[in-house]
Amino acid sequence: MLIGVPRESKVHEYRVGMTPSSVREAVAHGHQVLVEHAAGAGIGAGDAAYEKAGAKIAAAAADVFAKAEMIVKVKEPQPKERKLLRDGQILFAYLHLAPDPEQAKDLVASGAVCIAYETVTQPGGGLPLLAPMSEVAGRMAVQAGAKCLEKEAGGMGILLGGVAGVPAAKIVILGAGVVGSNAAQIAVGSGARVVAIDRNLDALRRMDRLLGARVVTVYSNRDNIESNVLNADLVIGAVLIPGAAAPRLVTRQLVSQMKHGAVIVDVAIDQGGCCETSRPTTHADPTYVVDGVVHYCVANMPGAVPRTSTYALNNATLPFVLALAGKGWRAALRADPHLRNGLNICGGKVTQREVAEALGYAFVGPDSVV
């Protein structure tokens, strides 16, 4: 199969769909790889490294989309890229369609086979292609929040860990999954007081076993969310319902009652955000203020650390890339029900239930199209 790797075009997105090492593996399996010029520049991988691995270099994204049978990306295709997709072409990337009706409309119209990293599953539960970036985003959320709490960034001007005689900041983490547990590890290391809130008791038990008394675990209900958010210095939104829009756990009214200079880092913004006041931002302009509360809602947080992120992501995605290229998408999806769960849109049909429900499309089971 001819695999295409375009340069990411989202604002300040420096990751790349395949590293030179991944390209080498694909070529060793008999595939061809076409990489857009400078696609790997953000991770320090020049065109020469890709050519050494066996790839060919294309001058522009249009050439990659025109020739490739499968497009491997990181972030969702931008409007210009969506126009380049064609019927039957495979798109393998993060899509996050539930809060993005325009993207869904374009992908439906394209006729492409759109497989989303974030809904691929694994035996025993979990999302193996989302997990690496959730780990990165969770860890970054604390450092982003610490920066936003500085006075020059609009925050109240406090240090997460405090100092002798001065209390540490209080960090409230909404969600105890992969993002939440990684955020908690860094938060505990900073010396902050940490509260993790979730409705999944097993997730709270894992958090308790991992970090013990250094994190207070709290069951998620309206009273517990409100009481903890109101006296938080930093709130990290880390909730996830696979494929669906994030639940709005923090209302606008609640935000208006938070401390002046408090910070919200909404990692769930890819799925619409878990705060009513959240809206997507970019690394170029990452924050805004609502009712005195600083909001950091960058939709591609791991893009700021592209070397770590790209290699972590490729470790997880490469086996699926090889399966799709080696067997073809139909056979690969028939053989692997977990990869089949990643199929969101196929030939103009929406094949992911949560996306269909969120956007008002008729749901067509993936089994019927493979």
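Leaving aside neighbours within four places in sequence, which residues is I3 in contact with?

1. **I3 and its contacts.** I3 is in contact with M18, A26, H31, Q32, V33, L34, A68, M70, V72, V321 and A325. That list leaves aside neighbours within four places in sequence. Contact means heavy atoms within 4.5 Å.

2. **Basis of the model.** This is a predicted model: local features need pLDDT of at least 70, side-chain atom pairs count only at pLDDT 80 or more, and totals for chains, interfaces and linings use all residues. Residues are numbered from 1 along each chain as its sequence is written, and side-chain values use heavy atoms, with hydrogens and water left out.

3. **Nonpolar cores.** I3 also belongs to the largest nonpolar core, which has 80 residues. The residues with the most contacts inside this core are I3, I115, I171, I236 and L324. A second, separate core has 23 residues, among them A58, A61, A93 and V355. A nonpolar core is a set of buried Ala, Val, Leu, Ile, Met, Phe, Trp, Tyr and Cys residues joined through side-chain atoms within 4.5 Å. Buried means under 20% relative accessible area, exposed over 50%, and partly exposed in between (1.4 Å probe, protein chains only).

4. **Helix α8.** This helix spans residues 201–211. Its buried residues are A203, L204, M207 and L211. They lie on the same side of α8, because they cover an arc of only 100° around the axis. The arc is that of the directions from the helix axis to the C-beta atoms. The buried residues of α8 pack against α7 (178–190), β8 (193–198) and β9 (215–219). Helices (H or I, at least four residues) and strands (E, at least two) are DSSP runs, numbered from the N terminus.

5. **The two ends of α8.** At the start of α8, a side-chain oxygen of N200 comes within 2.9 Å of the backbone nitrogen of D202. Just after α8, G212 has a positive phi of about 60°.

6. **Aromatic pairs.** How many aromatic pairs does the structure hold? There are two. Rings of Phe, Tyr and Trp (its six-membered ring) pair if their centres lie within 6.5 Å; planes under 30 degrees apart count as stacked, over 60 as edge-to-face and the rest as tilted. F92 and Y117 are edge-to-face, 4.7 Å centre to centre with 85° between the planes. F92 is in strand β5 (residues 90–93) and Y117 in the loop between β6 (113–116) and α6 (131–148), so the pair ties together parts 25 residues apart in sequence.

7. **The other pair, and the cluster.** Y94 and Y117 have ring centres 4.8 Å apart and planes at 85°, so this pair is edge-to-face. It links distant parts of the chain: Y94 is in the loop between β5 and α5 (101–110) and Y117 in the loop between β6 and α6, 23 residues apart. F92, Y94 and Y117 form one aromatic cluster. F92 is buried at 0% relative accessibility. Y117 is buried at 0%. Y94 is buried at 3%.

8. **A charge over a ring.** The charged end of R279 sits over the ring of Y288, 3.8 Å from its centre. The criterion is NZ of Lys or CZ of Arg within 6 Å of the ring centre and within 35 degrees of the ring normal.

9. H12 has a positive phi near 55° and is not a glycine. H12 is in the loop between β1 (2–5) and α1 (20–28). At 33% relative accessibility, H12 is partly exposed. H96, also not a glycine, has a positive phi of about 50°. H96 is in the loop between β5 and α5. At 8% relative accessibility, H96 is buried.

Definitions and conventions. A polar contact is a pair of N or O atoms within 3.5 Å; within protein, one must be able to donate a hydrogen and the other to accept it, and residues adjacent in sequence count only if both atoms are side-chain atoms.
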